[in-house]
Amino acid sequence: MSTSLTTCEWKKVFYEKMEVAKPADSWELIIDPNLKPNELGPGWKQYLEQHASGRFHCSWCWHTWQSANVVILFHMHLDRAQRVGSVRMRVFKQLCYQCGTSRLDESSMLEENIEGLVDNLITSLREQCYDEDGGQYRIHVASRPDSGVHRSEFCEACQEGIVHWKPSEKLLEEDAAYTDASKRKGQAGFVYNFFSFRWCLFWGTLCLVIVYLQFFRGRSGFL
């Protein structure tokens with residue numbers, strides 16, 4: 001997927017979803033490769049997506065690689081009086097570690113990934129620009145840090161001081177909650193199995209006693 005197609009897809013998904021979320025307001029999405037984190041003008045808000053999934057293609061050696069640590073920076077502003085809003089967006093690039101060229105390459109993303117990321121953007125936008133409850137952020141499997149080591153020396157976001165490759169506090173809390181739930185489920189299953197074993201042992205013993213008594217009574221009658 002080319003860069004222009006990815007950009008068009010971002011705008012298409014954003015405009016379609018904003019038309020549903022805020023039909024009375026007019027919003028625009030601008031790609032800004034010079035956007036800087038935490039450098040905000042008056043009234044502007046920031047949202048940072050830290051673990052997006054994208055595929056990179058080196059324009060020099062044609063090497064391709066997948067990353068679950070793509071960083072996307074958004075700056076948002078709403079003019080409430082004019083009912084006009086603007087989002088400036090920057091997708092941070094990565095260097096090819098295969099050939100070592102100094103040329104930064106852009107990522108391409110699947111449409112379903114873009115839709116999930118736009119949903120998160122709109123959630124943040126509703127919270128920060130409209131003071132609304134934006135709802136729950138979508139945490140995807142692709143959003144979680146992959147098992148491989150993130151090579152920060154090849155990451156544009158890391159070079160600009162954005163520490164993003166470690167699991168976020170929210171993800172750690174979710175993982176801890178999942179682990180606790182799994183442990184409780186395992187303990188409950190153990191207790192259930194323990195009592196099931198005791199009941200089986202009880203009924204098995206009772207059946208043996210009944211069979212023994214019937215056999216003993218039959219022998220007594222024969223004698």
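Strands here are DSSP runs of E, at least two residues long, numbered from the N terminus. Keep that in mind while touring this predicted model.

**Stop 1: the sheet.** Show the strands. Five of them make an open sheet in the order β1-β4-β3-β2-β7, with mixed pairing. Now colour β1 (26–31) and β7 (107–108). These two stand at the edges, and each has a single partner strand, so one side of each lacks a neighbour in the sheet.

**Stop 2: the helix on the sheet.** Select residues 111–129. This is helix α2, which packs on the sheet. It touches β1, β2, β3 and β4 (84–91). Look along β2: the direction of α2 makes about 175° with that of β2.

**Stop 3: β2 and β3.** Select residues 45–57 for β2 and 64–79 for β3. The two strands run antiparallel, joined by 10 bridges. Pick Ala52 and find its bridge partner in β3, Val70. Then move to His57, whose partner in β3 is Thr64.

Continue into the turn. β2 and β3 form a hairpin, with 6 residues between them.

Stop 4: Bring β7 back into view. It runs antiparallel to β2, and 2 bridges join the pair. Select Phe56 and look across to β7, where Ser107 stands opposite.

**Stop 5: Asn69.** Return to β3 and select Asn69, which lies in that strand. Is Asn69 buried or exposed? Its relative accessible area is 3%. The cut-off for buried is under 20%, so Asn69 counts as buried. A polar contact of 3.4 Å joins the side chains of Asn69 and His51.

**Stop 6: the cysteines.** How many disulfides does the structure hold? The count is 0. Select Cys58, which is in no disulfide. Its nearest cysteine sulfur belongs to Cys61, 3.7 Å away. A disulfide needs the sulfur atoms within 2.5 Å. Cys58 is buried, with a relative accessible area of 0%.

Finish on Cys99. This residue is in no disulfide either. For Cys99, too, the nearest cysteine sulfur is that of Cys61, at 3.7 Å.

Terms used
Residues numbered from 1 in each chain as written. Predicted model: local features only at pLDDT ≥ 70, side-chain atom pairs only at ≥ 80, totals over all residues. Heavy atoms only, no water. Pairing = 2+ DSSP bridges. Helix = DSSP H or I, 4+ residues; strand = E, 2+ residues; numbered from the N terminus. Contact = heavy atoms within 4.5 Å. Axes fitted to C-alpha atoms, helices over the stretch in contact; angles between N-to-C directions. Buried < 20%, exposed > 50% of the residue type's maximum accessible area, 1.4 Å probe, protein only. Polar contact = N/O pair within 3.5 Å; in protein donor to acceptor, adjacent residues only side chain to side chain.
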